[in-house]
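Student: I am new to this structure and would like to know what lies behind the labels used for it. Could we go through a few of them?

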Amino acid sequence: LSALSVITDPDLNSDIVSLGFVQNLQIDDSSVVSLDLQLTTPACPVKDLFVQQCQDIINGLDWTRGTDVTLTAQPLSETPTPGAPMGMSQIGAVIAVSSCKGGVGKSTTAVNLAFALEGMGAKVGIFDADVYGPSLPTMVTPEDDNVRFVGRQIAPLRRGNVSLMSFGYVNEGSAVMRGPMVTQLLDQFLSLTNWGALDYLIMDMPPGTGDIQLTLTQRLNIDAAVIVTTPQELSFVDVERGVEMFDTVNVPCVAVVENMAYFEKEKDEVDLQIDESLLKEKFLEALQKDGVVGDAITAAGLVDDLVKIAQENVVQASKQNGGEKEEIRIFGPGHKRRLSEQWGIDHTYSMPLMGKIAQNGDSGTPFILDNPNSPQADIYRQLATSVVSEVAKAKFGKGNGGGKPNVVYNSDMHIIQVMEEGGGDQGASTISTAELRRACRCAECVEEMTGKQLLNPQSVRESIKPLSMYPTGNYALSVDWSDGHKSLYPYRQIQSLLGVNKDGDIIGGAEATKEKSTL
């Protein structure tokens, strides 16, 4: 166990022995070591690396004669979550896929995310919560479309190892009813569907941020959200609304998918034409001028060889340029950088505008199943990996806070203190209030396209102080300043500023023992 404790989970920042991953460690009479690795999820993105590291370490011990590592996952709790619908008692994590307007590819993202997770080894379900315009019956054709009952509950339909449920499967067409009735209908659907044991339930949310969306987020104990958008400025405004809505109910937004980000066009083969007679004339003129060749016949032969070499080079260049992909950003450059700097959302993905993705959405077979080796399928798998990692951090990280720091304002010392999760005053890092205010990177303080600072640092007084500070999701801190400005700081930005005062000197963090205001 001591040897294996050097293996660290990159998401949970702790070794696999301390985390309790190593189970049933045994050594037989022939010195062969066997053990189980009980991970937080069967979709763990580094499970193969863990196995290889365990084998390398154990086989490197002088007395061992082999290693047998078995991968398992922590069993899903059979204890019903308080307040959760009856049919969802054995669901490990609920992931909401949301957008603030329709037509941005939300359902396409939800479906391909679900099948990407299934491909990683997880048990997955998809619930289509849009009763006004259900998409799942069109996008995923189940193996058997007959709705069956298990006791008083509905058995979800299936496609492979993915469970499916939508209003469209049990009632053709969309619902025509008022909001309160829709909320009641969705609640009945969730209670009556016998999902069984699932690692992840993907919730394809209705577009918008209204009463139905808020009710669902409060009712279902959603663990994380993925926001789907497009590159236009109007869509970025929608992303902000979506993040704020989920933050209202303490649901972290773990990723943003920017659909229709660009159009891929194959570059045309470069058709370069050579004026052979003019090239020969210029070659001959240059050879005679420099006195390289005096004999006319020899010069003519050399010119022919040079022209032939030039023609071969042109043909080769034409072939190399042909077939390359050119990205045409029809709707603008997008907002990945802005999302990262302002909201601290690192997991942002750009999907191209592709006819094939739309065709698969209409055919009933998810794109990732039909095109598993495509670059776009890899993007969906990267999204799935990010979701798995962020959910693990939130559910199993230190203090269940995902390792985010604790930021407080010491009013007596007029300074911001930052402590790692679970840490105390000792070793707290500090930054002045004025420096933190000057570091704001919102659209009013920094020009988005160029990164030029619009805020005049001299205009920020040293006496400025935060009126309130509160987390936004798992990745950023909101600050309301005494000058009337509101800032949003990703935690990593705060950590990069730690311990730097206005003179650039390091401030001691252990000296603050006075009473502080934790905001």
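Student: Why is Arg-438 called buried?

Tutor: This is a predicted model, and the values are computed from it. Buried means under 20% relative accessible area. Arg-438 has 16%, so the residue counts as buried.

Student: What makes Glu-435 and Arg-438 a salt bridge?

Tutor: The cut-off is 4 Å between a side-chain nitrogen of Lys or Arg and a carboxyl oxygen of Asp or Glu. For Glu-435 and Arg-438 the N to O distance is 3.0 Å, so the pair qualifies. Both residues sit in helix α14 (residues 433-438), three residues apart, which is about one helical turn. Together with Glu-462 they are linked in a network of salt bridges.

Student: Why is Glu-435 called partly exposed?

Tutor: Partly exposed lies between the 20% limit for buried and the 50% limit for exposed. Glu-435 has 22% relative accessibility, so the residue falls in that range.

Student: How do you know that Asp-483 forms a salt bridge with Arg-437?

Tutor: Their closest N and O atoms are 3.0 Å apart, and the limit is 4 Å. Asp-483 is in the loop between β22 (476-481) and β23 (486-490), while Arg-437 is in helix α14, so the pair ties together parts 46 residues apart in sequence.

Student: Which of these two partners is buried, and which is partly exposed?

Tutor: Arg-437, with a relative accessible area of 5%, is under the 20% limit and therefore buried. Asp-483, at 44%, is partly exposed.

Methods: Residues are numbered from 1 along each chain as its sequence is written. This is a predicted model: local features need pLDDT of at least 70, side-chain atom pairs count only at pLDDT 80 or more; totals for chains, interfaces and linings use all residues. Side-chain values use heavy atoms; hydrogens and water are left out. Helices (H or I, at least four residues) and strands (E, at least two) are DSSP runs, numbered from the N terminus. Buried means under 20% relative accessible area, exposed over 50%, partly exposed in between (1.4 Å probe, protein chains only).
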